[in-house]
Amino acid sequence: MPLLHSFHDVLFPTDIALGAAGGPGRRTEIVTLGSGHEQRNARWANSRRRYNAGYGVKTLDDLSDVIAFFEERRGRLFGFRFRDPVDHKSCKPAGQVSSSDQKIGEGDAINANYQLLKTYGLGEGKWDRKITKPVLGSVAIEVGGTPKIEGVDFDINYLSGEIIFVSQSVPAIGQAVRAGFEFDVPVRFDVDEITINMTHFIAGEITSIPLLEILA
């Protein structure tokens with residue numbers, strides 16, 4: 001897990017992020033046998049996201065903003081938040097966040113801490129993604145179908161995505177704990193230099209701004 005001081009809790013410019021390309025990747029080892037059959041093995045338990053934010057740079061001011069952001073992060077040294085334009089909600093991209101969106105656990109009358117999760121798929125193939133960077137003020141929680149209030153029933157660690165219930169609100173045995181939220185992806189620059197191409201006087205482009213997800 002990265003040290004806390006190696007992460008800056010700031011958001012990459014959202015207007016530039018909207019033009020980014022990228023998404024999740026996995027690493028699979030495939031061995032082809034003499035018979036032609038395959039043996040496949042997952043090298044990673046979780047996916048890891050890569051983005052190229054260069055496509056979102058449209059103006060000279062955009063260039064200036066990216067350069068300043070890059071310098072503040074010291075290249076690859078410090079991580080930061082990135083808003084995935086396609087996948088940044090507990091619900092569908094065009095939907096409204098609801099406290100019933102995602103099941104993050106089940107009460108046992110003892111455990112007070114629950115991690116925000118987003119589940120992809122159904123059945124045996126479903127995958128639970130750990131959400132570590134929820135957006136401030138976006139988290140809605142319900143227990144057993146009853147909405148709970150942040151600061152009264154629970155608190156949130158916005159740098160880890162952990163929900164902490166106060167003692168009198170710890171979920172009872174069998175109660176489903178559900179959550180809705182918006183979230184960012186913790187990333188870092190995947191280069192220590194940025195190449196700028198000036199196409200004419202008032203505009204330019206950065207052909208590549210590679211970003212790599214930081215896994216917790």
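Which residue takes a positive phi in the hairpin of S3 and S4? In this predicted model, the residue is glycine 36, with a phi near 95°. Five residues lie between the two strands of the hairpin. Strand S3 covers residues 28-32, and strand S4 covers residues 38-42. The two run antiparallel and are joined by five bridges. Within this pairing, glutamate 29 faces asparagine 41 of S4.

The overall architecture was examined next. The chain holds two helices and 19 strands. Its C-alpha atoms occupy a box of roughly 65 × 60 × 35 Å along the principal axes. Of the 216 residues, 39% are buried. Contacts between residues at least 6 apart in sequence were also classed by separation; 71% of them link residues at least 24 apart. The exposed surface comes to about 12100 Å². Carbon and sulfur atoms contribute 52% of that area. The chain carries 24 positive and 28 negative charges. The mean positions of these two sets lie 5 Å apart.

Six strands form an open sheet in the order S1-S6-S16-S19-S5-S2. Pairing within this sheet is mixed. Strand S1 (7-11) and strand S2 (21-25) are the edges, each pairing on one side only. From one strand to the next, the twist averages 30°. Helix H2, residues 60-72, packs on the sheet. The helix touches S1, strand S6 (79-82) and strand S16 (185-189). The direction of H2 makes about 160° with that of S1.

Inside the sheet, strand S5 (residues 48-52) pairs with strand S19 (residues 210-213). This pairing is antiparallel and spans three bridges. Tyrosine 51 has leucine 211 of S19 as its bridge partner. Strands of a sheet pair through backbone hydrogen bonds, in either the parallel or the antiparallel sense.

Arginine 50 also belongs to strand S5. Is arginine 50 buried, exposed or partly exposed? Its relative accessibility is 47%, so arginine 50 counts as partly exposed; the partly exposed class lies between the buried limit of 20% and the exposed limit of 50%. Residues up to four places away in sequence aside, arginine 50 touches Ala21, Gly22, Gly23, Asp190, Leu211 and Leu212. Arginine 50 and proline 210 are 160 residues apart in sequence. In space, their C-alpha atoms are 7.2 Å apart.

Key. Residues are numbered from 1 along each chain as its sequence is written. This is a predicted model: local features need pLDDT of at least 70, side-chain atom pairs count only at pLDDT 80 or more; totals for chains, interfaces and linings use all residues. Side-chain values use heavy atoms; hydrogens and water are left out. Helices (H or I, at least four residues) and strands (E, at least two) are DSSP runs, numbered from the N terminus. Buried means under 20% relative accessible area, exposed over 50%, partly exposed in between (1.4 Å probe, protein chains only). Contact means heavy atoms within 4.5 Å. Accessible areas come from the Shrake-Rupley method with a 1.4 Å probe; for residues, only the protein chains shown count as cover. Lys and Arg count as positive and Asp and Glu as negative; His and the chain ends are not counted. The place of a charge is taken as NZ of Lys, CZ of Arg, CG of Asp or CD of Glu. Two strands pair if DSSP finds at least two bridges between them. Axes are lines fitted to C-alpha atoms, for helices over the stretch in contact, and angles run from 0 to 180 degrees between N-to-C directions.
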